[in-house]
Every structure is written in C-alpha cells, then in structure tokens.
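Student: Could we go through this structure together? I would like to begin with its surface.

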Amino acid sequence: MVCESDRERLLERLRAANQGGDVHLVGGPRTIRALGALDKLGLIVLPLLLGTGMRLTPPGASETRLTLESERALPEGSVEIVYACTA
C-alpha cells in the first residue's frame, strides 16, 4: 500500500487490519518526523556523498533513544542498521 497523505491514520488502519502484528513503514525523514510510534528504526546506509546529509528528526524534537540491535553488510557496500527506539 502506498500513501502520501495522512501517515498517522494509515498507521492506525494498518495496525487494526494486522490485529496487533508488526507493521512495516518505508519512508524517509518526513515519515519519521510524522510518527512518534516507532518501536524499531531500520536504516539502509548507501556509500554516496551528498553534501551535508539529512537529519532524521527535526531540531527540538522530543528525545528518542536509539539502541543498536543489529547491522548487516549488503551488496555493493551498503549497510543495514536496526535500532530499538525508546522515548
């Protein structure tokens, strides 16, 4: 399912339809900023240089603590990093 509008409502609908199971959202910094309900954050780091980069959370956002759970090397030099999120 692809959604470009109300991400919070989409998350509620997916959780209800999935009856308490895992819900996976794919997005970028705007998705992360819009949702304060992340249990885990998975990132794919690509070996590209794009200037100064992008913040995942806006300045002044409530502090979310990230605890590294796993990392995995992917083909072509990319890395998958998974964090547990706690408020």
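Predicted model: local features only at pLDDT ≥ 70, side-chain atom pairs only at ≥ 80, totals over all residues.

Student: Where is Leu48 found?

Tutor: Leu48 is placed in the loop between E1 and E2.

Student: And is Leu48 buried or exposed?

Tutor: Leu48 is exposed, because its relative accessible area is 58% and the cut-off for that class is over 50%.

Student: Which residue in E3 stands opposite Leu66?

Tutor: That residue is Cys85.

Student: What do E2 and E3 form, and how many residues are between them?

Tutor: E2 and E3 form a hairpin, with 5 residues between them.

Student: Is Glu76 buried or exposed?

Tutor: Glu76 counts as exposed, because its relative accessibility is 76%.

Student: Now for charges. Why can side chains pair at all?

Tutor: Side chains of opposite charge can pair when their charged atoms come close. In this model the count comes to 2 salt bridges.

Student: Which residue forms a salt bridge with Lys40?

Tutor: Lys40 forms a salt bridge with Glu69, and their closest N and O atoms are 3.0 Å apart. Glu69 lies in strand E2, whereas Lys40 lies in strand E1 (residues 40-45), so this pair ties together parts that are 29 residues apart in sequence.

Student: How accessible are Glu69 and Lys40?

Tutor: Glu69 is partly exposed, with a relative accessible area of 41%. Lys40 counts as exposed, at 52% relative accessibility.

Student: Which residue does Glu80 form a salt bridge with?

Tutor: The partner of Glu80 is Arg72, and the closest N and O atoms of this salt bridge are 2.9 Å apart.

Student: What about the accessibility of Glu80 and Arg72?

Tutor: Glu80 counts as partly exposed, at 23% relative accessibility. Arg72 is also partly exposed, and its relative accessible area is 46%.

Conventions
Residues numbered from 1 in each chain as written. Heavy atoms only, no water. Pairing = 2+ DSSP bridges. Helix = DSSP H or I, 4+ residues; strand = E, 2+ residues; numbered from the N terminus. Buried < 20%, exposed > 50% of the residue type's maximum accessible area, 1.4 Å probe, protein only. Salt bridge = Lys/Arg side-chain N within 4 Å of Asp/Glu carboxyl O.
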